[in-house]
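Thanks for making the time this morning.

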Amino acid sequence: MSASVLKAPPGLGILACLVLFGFGELSGALQGGYRQELREYAIAGAQAHPAVHQLTGVEDIDQVILERVADRSLARLHTFHLHSHGLGLVTIILLTILANTGFSSRTRTLFSLWVSLGLLYPFGWLMLAWTLPSLGETLAFQWAEQLFFIPFGGAYLLAVGALIVLYAADLIRRRREQSTI
Amino acid sequence: MRLRLTASAVGLLLLVGLAAPPAEAHDMRQPIPILLDRMYGVLLLLERGKPKEAIYLIGTVEELLQTKGLLGLAQTAAKLDQAYRTTVADELGLAIAARDTARLKSVIYSLTYLLMLEKLDQLTTMLPNRDVKPETRKIVMDLARDYFSHIFEETFGRRRPAQVKTLEQILDRMDGAVRQQAVPQFEQLRRKLSQTLLSHFAAELLPGLPG
(Lines give C-alpha, C1' and ligand atoms only; values in the text may rest on other atoms or scores of the structure.)
Protein backbone atom coordinates (compact mmCIF):
# COMPACT_ATOMS: atom_id res chain seq x y z
CA MET A 1 0.00 0.00 0.00
CA SER A 2 1.82 3.20 -1.13
CA ALA A 3 0.64 6.74 -0.47
CA SER A 4 0.24 7.45 -4.20
CA VAL A 5 -2.34 4.70 -4.66
CA LEU A 6 -4.08 5.06 -1.28
CA LYS A 7 -7.80 4.45 -1.69
CA ALA A 8 -10.31 6.66 0.10
CA PRO A 9 -12.52 5.03 2.74
CA PRO A 10 -16.27 4.68 2.01
CA GLY A 11 -18.11 8.01 2.00
CA LEU A 12 -20.88 6.84 4.32
CA GLY A 13 -18.33 5.68 6.88
CA ILE A 14 -16.63 9.08 6.82
CA LEU A 15 -20.02 10.77 7.15
CA ALA A 16 -20.82 8.63 10.22
CA CYS A 17 -17.47 9.65 11.77
CA LEU A 18 -18.18 13.30 11.01
CA VAL A 19 -21.62 13.06 12.64
CA LEU A 20 -19.99 11.61 15.76
CA PHE A 21 -17.42 14.43 15.71
CA GLY A 22 -20.34 16.84 15.47
CA PHE A 23 -22.03 15.37 18.55
CA GLY A 24 -18.69 15.49 20.38
CA GLU A 25 -18.23 19.15 19.47
CA LEU A 26 -21.79 19.95 20.49
CA SER A 27 -21.31 18.33 23.88
CA GLY A 28 -18.06 20.28 24.31
CA ALA A 29 -19.80 23.53 23.45
CA LEU A 30 -22.63 22.75 25.88
CA GLN A 31 -20.16 22.05 28.66
CA GLY A 32 -18.34 25.28 27.97
CA GLY A 33 -21.36 27.52 27.54
CA TYR A 34 -23.97 25.99 29.79
CA ARG A 35 -21.99 24.33 32.58
CA GLN A 36 -24.05 25.88 35.38
CA GLU A 37 -27.34 25.09 33.65
CA LEU A 38 -26.25 21.48 33.13
CA ARG A 39 -25.31 21.23 36.81
CA GLU A 40 -28.66 22.69 37.87
CA TYR A 41 -30.46 20.28 35.53
CA ALA A 42 -28.62 17.31 37.07
CA ILE A 43 -29.28 18.57 40.61
CA ALA A 44 -32.99 19.08 39.88
CA GLY A 45 -33.14 15.57 38.39
CA ALA A 46 -31.52 14.09 41.49
CA GLN A 47 -33.75 16.10 43.85
CA ALA A 48 -36.75 14.60 42.11
CA HIS A 49 -35.46 11.12 43.05
CA PRO A 50 -34.45 11.45 46.73
CA ALA A 51 -34.61 7.72 47.47
CA VAL A 52 -32.26 6.86 44.60
CA HIS A 53 -29.57 9.19 45.95
CA GLN A 54 -30.36 8.51 49.62
CA LEU A 55 -31.06 12.17 50.34
CA THR A 56 -31.50 12.71 54.06
CA GLY A 57 -33.47 15.92 54.32
CA VAL A 58 -30.53 17.50 56.13
CA GLU A 59 -29.53 20.43 53.96
CA ASP A 60 -25.75 20.31 54.10
CA ILE A 61 -25.56 16.53 53.67
CA ASP A 62 -27.90 16.66 50.68
CA GLN A 63 -25.95 19.57 49.25
CA VAL A 64 -22.80 17.42 49.11
CA ILE A 65 -24.67 14.44 47.62
CA LEU A 66 -26.35 16.59 44.95
CA GLU A 67 -23.13 18.37 44.02
CA ARG A 68 -21.52 14.98 43.62
CA VAL A 69 -24.29 13.82 41.27
CA ALA A 70 -23.83 16.99 39.19
CA ASP A 71 -20.04 16.47 39.09
CA ARG A 72 -20.40 12.87 37.99
CA SER A 73 -23.01 13.65 35.38
CA LEU A 74 -20.77 16.35 33.89
CA ALA A 75 -17.78 13.99 34.04
CA ARG A 76 -19.69 11.43 31.95
CA LEU A 77 -20.60 14.14 29.45
CA HIS A 78 -16.92 15.02 29.25
CA THR A 79 -16.08 11.36 28.62
CA PHE A 80 -18.62 11.35 25.77
CA HIS A 81 -16.91 14.43 24.33
CA LEU A 82 -13.46 12.76 24.49
CA HIS A 83 -14.55 9.32 23.26
CA SER A 84 -16.60 10.66 20.37
CA HIS A 85 -13.57 12.54 19.07
CA GLY A 86 -11.17 9.67 19.73
CA LEU A 87 -13.37 6.97 18.28
CA GLY A 88 -14.28 9.08 15.24
CA LEU A 89 -10.60 9.56 14.46
CA VAL A 90 -9.63 5.92 15.03
CA THR A 91 -12.57 4.75 12.90
CA ILE A 92 -11.49 6.94 9.97
CA ILE A 93 -8.05 5.29 10.20
CA LEU A 94 -9.56 1.80 10.39
CA LEU A 95 -11.85 2.48 7.42
CA THR A 96 -8.87 3.75 5.42
CA ILE A 97 -6.88 0.62 6.29
CA LEU A 98 -9.86 -1.54 5.31
CA ALA A 99 -10.30 0.26 1.99
CA ASN A 100 -6.70 -0.51 1.15
CA THR A 101 -6.56 -4.21 2.08
CA GLY A 102 -6.56 -7.00 -0.40
CA PHE A 103 -9.86 -8.37 0.98
CA SER A 104 -12.77 -8.98 -1.33
CA SER A 105 -15.16 -6.08 -1.87
CA ARG A 106 -17.85 -7.89 0.15
CA THR A 107 -15.51 -8.49 3.12
CA ARG A 108 -14.43 -4.85 3.05
CA THR A 109 -18.04 -3.65 3.06
CA LEU A 110 -19.03 -6.00 5.87
CA PHE A 111 -16.00 -5.00 7.94
CA SER A 112 -16.63 -1.30 7.31
CA LEU A 113 -20.21 -1.69 8.53
CA TRP A 114 -19.05 -3.70 11.54
CA VAL A 115 -16.44 -1.08 12.50
CA SER A 116 -18.90 1.77 11.91
CA LEU A 117 -21.37 0.19 14.33
CA GLY A 118 -18.82 0.89 17.07
CA LEU A 119 -19.42 4.59 16.50
CA LEU A 120 -22.57 4.21 18.57
CA TYR A 121 -20.56 3.16 21.65
CA PRO A 122 -19.77 6.69 22.97
CA PHE A 123 -23.50 7.44 23.16
CA GLY A 124 -23.50 5.15 26.19
CA TRP A 125 -21.61 7.91 28.05
CA LEU A 126 -24.15 10.47 26.90
CA MET A 127 -26.97 8.26 28.11
CA LEU A 128 -25.16 7.74 31.41
CA ALA A 129 -24.77 11.51 31.87
CA TRP A 130 -28.45 12.01 31.13
CA THR A 131 -29.91 9.18 33.24
CA LEU A 132 -27.54 9.32 36.24
CA PRO A 133 -29.59 11.98 38.11
CA SER A 134 -32.83 10.01 37.81
CA LEU A 135 -31.61 6.39 38.00
CA GLY A 136 -28.52 6.69 40.19
CA GLU A 137 -25.03 5.71 39.14
CA THR A 138 -25.34 1.91 39.39
CA LEU A 139 -28.58 1.51 37.43
CA ALA A 140 -27.65 4.18 34.89
CA PHE A 141 -24.35 2.39 34.26
CA GLN A 142 -26.11 -0.97 33.88
CA TRP A 143 -28.43 0.50 31.24
CA ALA A 144 -25.60 2.17 29.36
CA GLU A 145 -23.62 -1.07 29.55
CA GLN A 146 -26.45 -3.21 28.21
CA LEU A 147 -27.58 -0.81 25.49
CA PHE A 148 -24.27 0.67 24.31
CA PHE A 149 -21.04 -0.47 25.94
CA ILE A 150 -21.43 -4.23 25.53
CA PRO A 151 -23.11 -4.41 22.09
CA PHE A 152 -21.34 -1.56 20.29
CA GLY A 153 -18.14 -1.33 22.34
CA GLY A 154 -17.90 -5.11 22.19
CA ALA A 155 -18.56 -5.13 18.44
CA TYR A 156 -15.83 -2.55 17.95
CA LEU A 157 -13.29 -4.51 19.98
CA LEU A 158 -14.11 -7.71 18.08
CA ALA A 159 -13.91 -5.89 14.75
CA VAL A 160 -10.48 -4.49 15.60
CA GLY A 161 -9.33 -7.94 16.77
CA ALA A 162 -10.66 -9.62 13.62
CA LEU A 163 -9.11 -6.93 11.42
CA ILE A 164 -5.70 -7.47 13.04
CA VAL A 165 -5.88 -11.23 12.41
CA LEU A 166 -7.19 -10.92 8.84
CA TYR A 167 -4.75 -8.14 7.97
CA ALA A 168 -1.82 -10.20 9.27
CA ALA A 169 -3.04 -13.27 7.32
CA ASP A 170 -3.44 -11.17 4.18
CA LEU A 171 0.05 -9.73 4.63
CA ILE A 172 1.59 -13.20 5.00
CA ARG A 173 -0.35 -14.47 1.95
CA ARG A 174 0.90 -11.55 -0.15
CA ARG A 175 4.51 -12.04 0.97
CA ARG A 176 4.31 -15.70 0.04
CA GLU A 177 2.85 -14.88 -3.35
CA GLN A 178 5.63 -12.35 -3.96
CA SER A 179 8.34 -14.82 -2.94
CA THR A 180 6.95 -17.56 -5.27
CA ILE A 181 6.97 -15.11 -8.21
CA MET B 1 14.76 56.31 51.38
CA ARG B 2 15.83 53.69 53.93
CA LEU B 3 12.57 54.20 55.79
CA ARG B 4 10.62 53.68 52.57
CA LEU B 5 12.55 50.50 51.80
CA THR B 6 11.97 49.14 55.31
CA ALA B 7 8.27 49.97 55.09
CA SER B 8 8.03 48.21 51.72
CA ALA B 9 9.83 45.15 53.07
CA VAL B 10 7.58 45.01 56.14
CA GLY B 11 4.52 45.47 53.91
CA LEU B 12 5.68 42.67 51.63
CA LEU B 13 6.32 40.35 54.56
CA LEU B 14 2.89 41.14 55.98
CA LEU B 15 1.30 40.42 52.62
CA VAL B 16 3.12 37.11 52.32
CA GLY B 17 2.15 36.24 55.89
CA LEU B 18 -1.51 37.03 55.27
CA ALA B 19 -1.64 35.32 51.90
CA ALA B 20 -0.02 32.09 53.07
CA PRO B 21 -2.40 29.50 54.52
CA PRO B 22 -2.00 28.78 58.24
CA ALA B 23 0.74 26.27 58.93
CA GLU B 24 -1.74 23.86 60.48
CA ALA B 25 -4.54 24.28 57.92
CA HIS B 26 -6.66 21.14 57.85
CA ASP B 27 -7.75 19.28 54.79
CA MET B 28 -11.50 19.13 54.48
CA ARG B 29 -12.85 15.73 53.54
CA GLN B 30 -15.88 17.02 51.66
CA PRO B 31 -16.63 20.28 49.85
CA ILE B 32 -17.16 22.90 52.58
CA PRO B 33 -20.87 23.78 52.97
CA ILE B 34 -21.51 27.51 52.43
CA LEU B 35 -22.89 27.82 55.96
CA LEU B 36 -19.75 26.36 57.54
CA ASP B 37 -17.51 28.54 55.39
CA ARG B 38 -19.36 31.69 56.42
CA MET B 39 -19.50 30.65 60.08
CA TYR B 40 -15.73 30.34 59.97
CA GLY B 41 -15.53 33.78 58.35
CA VAL B 42 -17.68 35.27 61.13
CA LEU B 43 -15.50 33.61 63.76
CA LEU B 44 -12.30 34.93 62.18
CA LEU B 45 -13.67 38.48 62.23
CA LEU B 46 -14.72 38.06 65.86
CA GLU B 47 -11.26 36.71 66.75
CA ARG B 48 -9.76 39.85 65.17
CA GLY B 49 -12.04 42.05 67.26
CA LYS B 50 -14.32 43.13 64.40
CA PRO B 51 -17.88 42.47 65.64
CA LYS B 52 -19.46 45.05 63.27
CA GLU B 53 -17.97 43.33 60.23
CA ALA B 54 -18.91 39.93 61.65
CA ILE B 55 -22.55 41.02 62.05
CA TYR B 56 -22.52 42.46 58.52
CA LEU B 57 -21.21 39.10 57.26
CA ILE B 58 -24.00 37.25 59.08
CA GLY B 59 -26.47 39.45 57.17
CA THR B 60 -24.84 38.65 53.82
CA VAL B 61 -24.85 34.93 54.70
CA GLU B 62 -28.63 35.08 55.18
CA GLU B 63 -29.08 36.73 51.78
CA LEU B 64 -26.65 34.45 49.97
CA LEU B 65 -28.10 31.24 51.36
CA GLN B 66 -31.69 32.31 50.81
CA THR B 67 -31.02 33.21 47.17
CA LYS B 68 -29.63 29.69 46.77
CA GLY B 69 -32.77 28.26 48.34
CA LEU B 70 -30.87 27.18 51.47
CA LEU B 71 -31.50 27.96 55.12
CA GLY B 72 -29.66 30.98 56.53
CA LEU B 73 -27.79 31.10 59.84
CA ALA B 74 -30.83 32.21 61.88
CA GLN B 75 -33.13 29.68 60.18
CA THR B 76 -30.58 26.90 60.74
CA ALA B 77 -30.36 27.90 64.41
CA ALA B 78 -34.16 27.88 64.70
CA LYS B 79 -34.36 24.44 63.05
CA LEU B 80 -31.72 23.03 65.40
CA ASP B 81 -33.43 24.65 68.41
CA GLN B 82 -36.61 22.83 67.49
CA ALA B 83 -34.81 19.52 67.12
CA TYR B 84 -32.65 19.78 70.25
CA ARG B 85 -34.76 22.08 72.47
CA THR B 86 -32.05 24.74 72.64
CA THR B 87 -32.20 28.53 72.40
CA VAL B 88 -29.42 29.27 69.94
CA ALA B 89 -31.61 31.37 67.60
CA ASP B 90 -32.64 33.66 70.47
CA GLU B 91 -29.03 33.89 71.64
CA LEU B 92 -27.98 34.83 68.10
CA GLY B 93 -30.56 37.62 68.00
CA LEU B 94 -29.50 38.92 71.41
CA ALA B 95 -25.79 38.76 70.56
CA ILE B 96 -26.35 40.71 67.33
CA ALA B 97 -28.50 43.31 69.06
CA ALA B 98 -25.91 43.82 71.81
CA ARG B 99 -22.91 43.48 69.42
CA ASP B 100 -21.57 41.08 72.05
CA THR B 101 -18.46 39.41 70.64
CA ALA B 102 -18.14 36.71 73.31
CA ARG B 103 -21.80 35.75 73.00
CA LEU B 104 -21.61 35.65 69.19
CA LYS B 105 -18.58 33.36 69.42
CA SER B 106 -20.50 31.08 71.79
CA VAL B 107 -23.39 31.00 69.32
CA ILE B 108 -21.06 29.97 66.47
CA TYR B 109 -19.39 27.24 68.57
CA SER B 110 -22.76 25.98 69.80
CA LEU B 111 -24.20 25.95 66.30
CA THR B 112 -21.17 23.98 65.13
CA TYR B 113 -21.68 21.46 67.91
CA LEU B 114 -25.39 21.09 67.09
CA LEU B 115 -24.63 20.70 63.37
CA MET B 116 -22.16 17.94 64.28
CA LEU B 117 -24.80 16.33 66.49
CA GLU B 118 -27.30 16.49 63.63
CA LYS B 119 -24.90 14.52 61.40
CA LEU B 120 -24.20 11.98 64.13
CA ASP B 121 -27.96 11.51 64.64
CA GLN B 122 -28.27 10.80 60.92
CA LEU B 123 -25.54 8.17 61.27
CA THR B 124 -27.36 6.58 64.20
CA THR B 125 -30.35 6.10 61.87
CA MET B 126 -28.26 5.04 58.89
CA LEU B 127 -25.81 2.60 60.47
CA PRO B 128 -28.20 -0.30 61.17
CA ASN B 129 -29.74 0.09 57.69
CA ARG B 130 -27.88 -2.17 55.26
CA ASP B 131 -29.46 -0.40 52.25
CA VAL B 132 -27.57 2.83 52.94
CA LYS B 133 -24.55 3.02 50.66
CA PRO B 134 -21.15 3.17 52.42
CA GLU B 135 -20.46 6.30 50.34
CA THR B 136 -23.48 8.08 51.88
CA ARG B 137 -22.40 7.11 55.41
CA LYS B 138 -18.91 8.39 54.68
CA ILE B 139 -20.24 11.76 53.46
CA VAL B 140 -22.21 12.22 56.70
CA MET B 141 -19.28 11.25 58.96
CA ASP B 142 -16.90 13.43 56.94
CA LEU B 143 -19.24 16.39 57.31
CA ALA B 144 -19.46 15.94 61.09
CA ARG B 145 -15.68 15.86 61.18
CA ASP B 146 -15.32 18.84 58.85
CA TYR B 147 -17.46 20.96 61.18
CA PHE B 148 -15.14 20.06 64.04
CA SER B 149 -11.96 20.60 61.99
CA HIS B 150 -13.01 23.88 60.43
CA ILE B 151 -14.25 25.54 63.61
CA PHE B 152 -12.90 23.88 66.77
CA GLU B 153 -9.61 22.53 65.45
CA GLU B 154 -8.78 25.72 63.53
CA THR B 155 -9.55 27.93 66.53
CA PHE B 156 -8.25 25.83 69.40
CA GLY B 157 -5.62 23.63 67.71
CA ARG B 158 -2.76 25.85 68.85
CA ARG B 159 -4.24 27.10 72.13
CA ARG B 160 -5.35 23.70 73.48
CA PRO B 161 -3.64 21.05 71.37
CA ALA B 162 -4.13 18.22 73.90
CA GLN B 163 -7.89 18.69 74.11
CA VAL B 164 -8.25 18.94 70.34
CA LYS B 165 -6.06 15.87 69.89
CA THR B 166 -8.30 13.85 72.26
CA LEU B 167 -11.38 14.76 70.24
CA GLU B 168 -9.60 14.02 66.97
CA GLN B 169 -8.74 10.55 68.24
CA ILE B 170 -12.38 9.90 69.13
CA LEU B 171 -13.42 11.06 65.67
CA ASP B 172 -10.81 8.75 64.09
CA ARG B 173 -12.29 5.81 65.98
CA MET B 174 -15.80 6.87 64.97
CA ASP B 175 -14.63 6.89 61.35
CA GLY B 176 -13.57 3.28 61.77
CA ALA B 177 -16.85 2.32 63.46
CA VAL B 178 -18.81 3.89 60.58
CA ARG B 179 -16.74 2.03 57.99
CA GLN B 180 -17.33 -1.26 59.81
CA GLN B 181 -20.98 -0.45 60.58
CA ALA B 182 -20.22 -1.20 64.23
CA VAL B 183 -23.37 0.31 65.79
CA PRO B 184 -22.66 -0.23 69.53
CA GLN B 185 -19.10 1.04 69.19
CA PHE B 186 -20.29 4.08 67.26
CA GLU B 187 -22.94 4.93 69.86
CA GLN B 188 -20.43 4.59 72.69
CA LEU B 189 -17.94 6.85 70.90
CA ARG B 190 -20.66 9.34 70.03
CA ARG B 191 -21.56 9.71 73.72
CA LYS B 192 -17.90 10.05 74.59
CA LEU B 193 -17.40 12.72 71.92
CA SER B 194 -20.34 14.78 73.19
CA GLN B 195 -19.25 14.50 76.82
CA THR B 196 -15.63 15.38 76.02
CA LEU B 197 -16.50 18.28 73.74
CA LEU B 198 -19.03 19.71 76.19
CA SER B 199 -16.60 19.46 79.11
CA HIS B 200 -13.50 20.73 77.24
CA PHE B 201 -15.30 23.70 75.72
CA ALA B 202 -17.86 24.38 78.46
CA ALA B 203 -16.66 27.98 78.77
CA GLU B 204 -17.08 28.63 75.05
CA LEU B 205 -20.42 26.88 74.47
CA LEU B 206 -23.88 28.09 75.42
CA PRO B 207 -25.29 26.37 78.51
CA GLY B 208 -27.90 23.63 78.18
CA LEU B 209 -26.65 21.94 75.03
CA PRO B 210 -27.70 18.28 74.70
CA GLY B 211 -25.13 15.54 75.26
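Predicted model: local features only at pLDDT ≥ 70, side-chain atom pairs only at ≥ 80, totals over all residues.

Chain B has 9 helices and 0 strands, so that, read along the sequence, its pattern is α-α-α-α-α-α-α-α-α. Of the 211 residues of chain B, 35% count as buried. If we take the contacts in chain B with a separation of 6 or more, 60% of them are accounted for by residues 24 or more positions apart.

Let us look at the interior next. In soluble globular proteins, nonpolar side chains tend to be buried together. The largest nonpolar core in this model has 82 residues, and the members that touch the most others are Val42(B), Ile108(B) and Leu111(B). Helix H6 of chain B, residues 101-126, gives the largest share of this core, namely 12 residues. What does Leu111(B) contact, if we leave aside its neighbours within four places in sequence? The partners are Met39(B), Thr76(B), Ala77(B), Leu80(B) and Val88(B).

Two packed helices are described by the angle between their axes and the distance between the axes. For helix H4 of chain B, residues 73-84, and helix H5 of chain B, residues 88-98, the axes come within 7 Å and cross at roughly 145°. On the H4(B) side the residues are Ala74(B), Ala77(B), Ala78(B), Leu80(B) and Asp81(B), and they meet Val88(B), Ala89(B) and Leu92(B) in H5(B). Sorted by class, this contact has 7 nonpolar residues, no polar ones and 1 charged.

Two arginines in the loops of chain B deserve a careful look at the backbone. Arg85(B), in the loop between H4 and H5 of chain B, has a positive phi of about 55° although it is not a glycine. Arg99(B), in the loop between H5 and H6 of chain B, likewise has a positive phi, of about 50°, and is not a glycine either. Are these two buried or exposed? Arg85(B) counts as exposed because it has 9 other C-beta atoms within 10 Å, and Arg99(B) is exposed with 12, where the cut-off for exposed is 12 or fewer.

Turning to chain A, helix H1 covers residues 11-33, and its 23 residues, at 1.5 Å a residue, should span 33 Å; the end C-alpha atoms are 32 Å apart, which agrees. The buried residues of H1(A) are Gly13(A), Ala16(A), Cys17(A), Leu20(A), Gly24(A) and Ser27(A), and what covers them includes H3 and helix H4 (105-117) of chain A.

Beyond its neighbours within four places in sequence, His85(A) is in contact with Phe21(A) and Gly24(A). Although His85(A) and Gly24(A) are 61 residues apart in sequence, their C-alpha atoms are 6.1 Å apart in space. His85(A) is partly exposed, with 18 other C-beta atoms within 10 Å.

Finally, the contact between the chains takes 10 residues from chain A and 15 residues from chain B. The side of chain A that touches chain B divides into 4 nonpolar, 3 polar and 3 charged residues.

Terms used: Residues numbered from 1 in each chain as written. Chains lettered and ligands numbered in written order. Contact = placed C-beta atoms within 7 Å. Nonpolar A, V, L, I, M, F, W, Y, C, P; charged D, E, K, R; others polar. Axes fitted to C-alpha atoms, helices over the stretch in contact; angles between N-to-C directions. Helix = DSSP H or I, 4+ residues; strand = E, 2+ residues; numbered from the N terminus. Core = buried A, V, L, I, M, F, W, Y, C linked by C-beta atoms within 7 Å. Buried ≥ 20, exposed ≤ 12 C-beta atoms within 10 Å, placed from the backbone. Expected span 1.5 Å × (residues − 1).
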